[in-house]
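Thanks, everyone. I would like to take a few minutes on one model, starting with its charged pairs, then its strands, and ending with its nonpolar groups.

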Amino acid sequence: MPDIALFPSASHVLPEGKLEITITEHRYQRMLKESIEGQRDFALCMRSEEEENDETITRIPAIATKVRVVDFNALDNGLLSIVVEGKTKIRILSVRHERDRLLIADYLPFRAWPPTPLTTKHQCLVEKLKLFFATMPEIGALYPISEFDDLSWVCQRWIESLPLEVHYKQLLIAQDSPALTARFLLKLLDNHQLFDDDIN
């Protein structure tokens with residue numbers, strides 16, 4: 001059974017999503033080096049609200065995202081900033097620590113959402129997402145090529161961005177399709193709650 005290194009994060013990324021993260025600790029520098037050298041992949045996992053300390057973390061929400069590094073930049077403070085792209089979802093089976101407290105997991109692949117054509121009733125989700133990207137240019141700049149005609153892509157970008165509790169995000173991404181997420185987002189729009197405080 002394959003294993004994979006884990007990077008717990010309060011920010012989330014799903015397949016085809018992109019996220020900029022800063023590598024600060026030696027264990028994550030090792031994780032990155034091993035990934036670049038092809039020794040072991042790594043995945044971004046959601047940090048459970050009950051787990052505050054990476055040093056003792058043992059419970060990880062079940063679904064994580066295997067990623068690859070698409071860009072990196074040395075910061076003035078000597079740290080390294082990298083941009084990762086989500087590749088595939090995985091289901092975490094068990095978690096353990098290595099000697100430097102790097103989290104390692106046994107895992108299995110998890111089903112991906114199929115490409116889903118956008119319908120007229122979902123167009124509002126696209127327009128709101130475009131507006132969100134425009135008001136958050138540091139995020140919008142990560143997507144010079146966007147797939148606004150694919151409901152799966154649009155819904156996954158919303159899940160990454162929405163300030164939802166982890167167990168709700170896990171519920172949405174565990175579905176076989178974006179249908180539940182789309183209904184949830186449309187309901188938020190009907191209630192005028194979808195990032196209104198940040199966008200308007």
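Let me begin with a term: a residue is called buried under 20% relative accessible area, exposed over 50%, and partly exposed in between, with a 1.4 Å probe and protein chains only as cover. What you see is a predicted model, in which local features need pLDDT of at least 70 and side-chain atom pairs count only at pLDDT 80 or more, while totals for chains, interfaces and linings use all residues. Residues are numbered from 1 along each chain as its sequence is written, and side-chain values use heavy atoms, with hydrogens and water left out.

With that in hand, please look at Arg30, which counts as buried at 19% relative accessibility. What does its side chain meet? One partner is Glu34, in a salt bridge of 3.0 Å from N to O, where a salt bridge is a side-chain nitrogen of Lys or Arg within 4 Å of a carboxyl oxygen of Asp or Glu. Both residues lie in helix α1, residues 26–36, and they are four residues apart, about one turn of the helix; helices here are DSSP runs of H or I with at least four residues, strands are runs of E with at least two, and both are numbered from the N terminus. Glu34 is buried as well, with a relative accessible area of 13%.

Arg30 also forms a salt bridge with Asp100, at 2.8 Å from N to O. Because Asp100 lies in the loop between β5 (80–97) and β6 while Arg30 is in helix α1, this pair ties together parts that are 70 residues apart in sequence. Asp100 itself is partly exposed, at 27% relative accessible area.

Another bridge joins Asp41 and Lys66, whose closest N and O atoms are 3.7 Å apart. This pair, too, links distant parts of the chain, since Asp41 sits in the loop between α1 and β3 (42–46) and Lys66 in strand β4, residues 63–74, 25 residues away. Asp41 is partly exposed at 38% relative accessibility, whereas Lys66, at 17%, counts as buried. Salt bridges with shared partners join Asp3, Arg30, Glu34, Arg40, Arg96, Glu98, Asp100 and Asp106 into one network, and a search of the whole structure finds 14 salt bridges.

Staying with Lys66 brings us to the strands. Ala43 stands opposite Lys66 in β4, and the bridge partner of Lys66 in β5 is Thr88.

Finally, the nonpolar groups. Which residues touch the most other members of the largest nonpolar core? Of its 29 residues, they are Leu125, Leu129, Phe133, Phe148, Trp153, Val154 and Trp158, a core being a set of buried Ala, Val, Leu, Ile, Met, Phe, Trp, Tyr and Cys residues joined through side-chain atoms within 4.5 Å. Helices α2 (123–135), α4 (151–161), α5 (166–173) and α6 (179–190) each supply at least two residues of this core, and α4 gives the most, with six. A second, separate core of 16 residues includes Ile21, Phe42, Ile82 and Val84.

Technical notes. Pairing = 2+ DSSP bridges.
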